[in-house]
2 protein chains.
Amino acid sequence: MPFDIVAFDADDTLWHSEDGFERVCQRFVEAVAPYAPEGADCFRHLMSVERRNFPVYGYGAKAFSLSMVEAAIELTGGSIPTTVLQGLMDEGRSLITRPVELLDGVVETLERLARAFRLVVITKGDLLHQHQKVATSGIDHLFEHVEVVNEKDPGTYRTILRRLDATTERFAMVGNSVKSDVIPVLNIGGSAAHVPYHLLWEGEHVDDDHGHEFETLDSIGEVPDWIDRQRRRRRTESTR
Amino acid sequence: MPFDIVAFDADDTLWHSEDGFERVCQRFVEAVAPYAPEGADCFRHLMSVERRNFPVYGYGAKAFSLSMVEAAIELTGGSIPTTVLQGLMDEGRSLITRPVELLDGVVETLERLARAFRLVVITKGDLLHQHQKVATSGIDHLFEHVEVVNEKDPGTYRTILRRLDATTERFAMVGNSVKSDVIPVLNIGGSAAHVPYHLLWEGEHVDDDHGHEFETLDSIGEVPDWIDRQRRRRRTESTR
């Protein structure tokens, strides 16, 4: 086998997440627009408040809830009823309490991979919420370890590998974000497969893949074949 | 030396934290009381909302900010001005952006201990905020590792020790919470010293120390002597 550890991103790789944020964004616009000046772009403003707050609040639904309340007050010059604000906080809260909904093919694929590899979750986000999601996912027993991090940069991946007693050459990462799950892993000499979700949070957009070559798979079900291809590729390389 | 690893709690053990929450609680009461019914106990209500939200929001200033907004709306039947709500969120935010203020004796004590032990931080709270505090503390270079956890129970400590390749017998924990820093460590066979802060968040109150014997120190500066006492005690025990 070409790898010891196969690691997975969580949100939008193992289970749905961004669809919930998108739905709450729509509710935000519907709830706030009636109190905002004619023509105000409520969605854009929410995104800009989220971006502005990011260095202080970081990722996750609590950060998003606070940004919604702040954006709603700003957009309406404070005229938004407090009942609407409470409704926005309830929407944000629903992102935390929503049951985990696994993506198609996750259970079968991970059960199969768990027989051959150490499986790990490496995810950004809120510590409590991410652990709660893993714990209630029904597939938590397949993971040797769950790591919640602030940023997925090369240094983060190196630290995790050191603590897992693993080498970059025998490490593979699978995730929906080229920026967080693919490029930093390739940068440290690991392997990575990109499995896009139909939505991508704007914070994960990447303009440039920095010349890296990597495979984009249609679904997580293609990961075992991708791993096989890595093995064959290495054999070919080593017999040249 | 009796230990390999000496671990420290962070908030109210290495730096001030609860004093900030207490100050913001007072501001909450001052800001909300004028809009609440005569005789309402604003502080008690905030505490009850915080407790109610805890399973969903967990620890930290973002959770506290959301609970303040929710409690203010409830206490005033929604009549609280949105400018006051924004002010409460700003107060909550100030808990995140306040500069780290180390407790007396921390620098000298940790610099001394770092020459003989692997030093580690084990703290509850918000992942981003806790790492930011360590990073800006001026003493981050003294720590081999920083672990942010949801709960400090025996299982959590066992997992951390396994990952640090350490044994419970050679592990010491220092912290201000008997409930989180002392009892679970003694329960797994480690050593722990209690260094109280002058304030204790009600979530950390413990009614019963379960018959455990442990030392309560006046300040972190007494930790090196406490470690010496552990060594002498062990020698005495081993020569009996």
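## Basis of the description

Ala, Val, Leu, Ile, Met, Phe, Trp, Tyr, Cys and Pro count as nonpolar, Asp, Glu, Lys and Arg as charged, and the others, Gly among them, as polar. This is a predicted model, in which local features need pLDDT of at least 70 and side-chain atom pairs count only at pLDDT 80 or more, while totals for chains, interfaces and linings use all residues. Residues are numbered from 1 along each chain as its sequence is written, chains are lettered from A and ligands numbered from 1 in the order in which they are written, and side-chain values use heavy atoms, with hydrogens and water left out.

## A helix pair in chain A

In chain A, helix α1 (residues 18-32) packs with helix α2 (residues 42-57) at an angle of about 120 degrees, and their axes are 9 Å apart. The angle makes α1(A) oblique to α2(A) (under 35 degrees is roughly parallel, over 145 roughly antiparallel, 65 to 115 roughly perpendicular, and the rest oblique).

From α1(A), the contact (heavy atoms within 4.5 Å) is made by A:Cys25, A:Phe28, A:Val29 and A:Val32; from α2(A), by A:Cys42, A:Phe43, A:Leu46 and A:Met47. By class, this contact of α1(A) with α2(A) has eight nonpolar, no polar and no charged residues.

## Cavities

On a 1 Å grid over the protein atoms alone, a cavity is a set of points where a 1.4 Å probe fits but cannot get out, and lining residues have an atom within 4 Å of a point. The count comes to three cavities of 30 Å³ or more. The largest cavity has a volume of about 70 Å³. Its lining includes A:Tyr57, A:Tyr59 and A:Asn150, as well as B:Lys62 and B:Leu128. The lining of the largest cavity divides into five nonpolar, three polar and three charged residues.

The second largest cavity has a volume of about 40 Å³. Among the residues that line the second largest cavity are A:Lys62, B:Ile96 and B:His129. Helix α3 (residues 61-75) of chain B gives the largest share of this lining, three residues.

## The largest pocket

A pocket is an open set of points with protein on both sides within 12 Å along at least five of seven lines. About 1400 Å³ of space lies in the largest pocket. The largest pocket is lined by 44 residues, of which A:Glu147, A:Arg163, B:His145, B:Glu147 and B:Arg163 lie nearest its centre. By class, the lining of the largest pocket has 18 nonpolar, ten polar and 16 charged residues.

Methods. Axes fitted to C-alpha atoms, helices over the stretch in contact; angles between N-to-C directions. Helix = DSSP H or I, 4+ residues; strand = E, 2+ residues; numbered from the N terminus. Points joined across faces, edges and corners; volume = space filled by probe spheres on them.
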